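Come along and follow the entries with me.

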Amino acid sequence: MADTVLDITDLKTCFDTRDGMVTAVEGVSLSLARQESLGVVGESGSGKSVTFASVMGLIKPPGFIAAGSIRFNGRELVGLNPAEYRDLRGKEIAMTMQDALTALNPAYTVSDQIIEVLLAHDETLGGTRRARKRQAREKALEMMRLVGIPAAETRLDDYPHQFSGGMRQRIMIAIALACRPKVLIADEPTTALDVTIQAQVLELIADIRERLGMSVVIITHDLGVVAEYCDRVAVMYAGQVVETGPTAEVIANPLHPYTQGLIASIPRLSDLKRRIRPILGTVPNLIDLPAQCRFMDRCDQAQSRCRSLIEMRDMGGGRQVRCAMAPGGSDG
């Protein structure tokens with residue numbers, strides 16, 4: 001599609017471990033339109049971060065991409081060499097990591113870390129190396145102001161540990177956006193932040209997305225975040241996408257039992273007498289998975305037909321679900 005900036009097709013990513021081959025991601029197909037916001041939801045171990053680490057070319061031995069295609073603006077990314085990926089990362093696609101404190105280098109000032117990206121990718125910088133570095137420093141200050149760092153000009157030469165958790169997330173976003181990428185992947189951008197700071201960080205991402213015309217992927221376990229900030233949602237379980245569609249429709253009428261369970265487990269202040277229904281059991285071992293629905297052992301709707309591999313089914317209206325029990329639809 002001409003309007004598609006990122007297209008992942010049948011992605012399979014594995015890790016060769018002492019205990020056997022772990023298939024962390026299998027058969028994942030996702031697309032991201034220009035200026036769209038996509039939420040990717042699922043519990044720990046569902047394959048969310050591995051999927052987009054694969055997109056960024058960050059899967060290293062013992063991990064490898066075993067099959068599938070990742071196309072960015074029509075260009076195949078699977079098989080790019082390290083130099084080609086270095087040209088792409090930070091310039092065309094950027095990713096913020098889960099823990100800003102460990103992702104930022106404690107030995108360098110925040111300005112140094114923003115300047116490094118600009119010197120590597122910003123083709124508008126000219127002149128001698130000293131002149132380029134001076135221009136990059138000015139742009140680093142501009143980025144810190146853009147992400148709302150108070151008194152940014154006095155904090156350029158501070159180190160990561162001198163910032164609060166919310167400010168470190170903003171610095172991460174500043175580094176990611178320094179070269180105005182077409183796609184921003186935010187991996188758990190609200191981890192370990194209090195509710196007020198979470199809202200500020202998410203509002204910042206939404207505002208910059210609007211101003212720069214970017215596409216955004218928000219990886220999270222929080223359906224509340226997706227409901228408020230994402231146009232579409234993809235729900236992942238045990239390395240597979242089990243449901244996808246427009247966010248409002250998926251949350252109002254979830255078709256997959258796992259999505260239903262995620263929503264049922266969210267506490268609601270509007271109904272304090274309502275009992276929270278947790279999803280019992282644990283995510284299956286990703287080594288030697290049985291040839292059946294991966295959610296079957298935790299599903300209270302499972303039937304005999306679930307004892308076979310379930311493909312994604314097209315339900316119409318841009319919705320797909322990987323469930324034999326979903327009503328209607330056609331096999332996809």
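Predicted model: local features only at pLDDT ≥ 70, side-chain atom pairs only at ≥ 80, totals over all residues.

**Around S37**

Beyond its neighbours within four places in sequence, S37 is in contact with R209, V216, I218, Y229, C230, D231 and R232. I then found S37 in strand β3, residues 37-41. Is S37 buried or exposed? Its relative accessibility is 1%, and buried means under 20%, so S37 counts as buried. I also noted that the side chain of S37 reaches the backbone oxygen of Y229 at 3.0 Å.

**Aromatic rings**

Next I looked up ring pairs, and the count came to 3 aromatic pairs. One of them is Y237 with F295, an edge-to-face pair at 5.1 Å centre to centre, with 85 degrees between the planes. I placed Y237 in strand β9 and F295 in the loop between α11 and β11, 58 residues apart. Both of these residues are buried. How are the rings of Y258 and F295 arranged? Their centres are 5.4 Å apart and their planes stand at 65 degrees, so this pair is edge-to-face too. Y258 sits in helix α11, 37 residues from F295. I wrote down 0% relative accessible area for Y258 and 4% for F295. Together, Y237, Y258 and F295 form one aromatic cluster.

**Two helices**

Last, I checked α4 (residues 110-121) against α5 (residues 129-146): their axes come within 8 Å and cross at roughly 115 degrees. The crossing is right-handed. Among the contact residues I found I114 and L118 of α4, and A136 and M144 of α5. The residues of this contact divide into 8 nonpolar, 1 polar and 5 charged.

Conventions:
Residues numbered from 1 in each chain as written. Heavy atoms only, no water. Axes fitted to C-alpha atoms, helices over the stretch in contact; angles between N-to-C directions. Helix = DSSP H or I, 4+ residues; strand = E, 2+ residues; numbered from the N terminus. Left-handed = near helix turned anticlockwise from the far one by under 90°. Contact = heavy atoms within 4.5 Å. Nonpolar A, V, L, I, M, F, W, Y, C, P; charged D, E, K, R; others polar. Buried < 20%, exposed > 50% of the residue type's maximum accessible area, 1.4 Å probe, protein only. Polar contact = N/O pair within 3.5 Å; in protein donor to acceptor, adjacent residues only side chain to side chain. Phe/Tyr/Trp six-rings, centres within 6.5 Å; stacked < 30°, edge-to-face > 60°.
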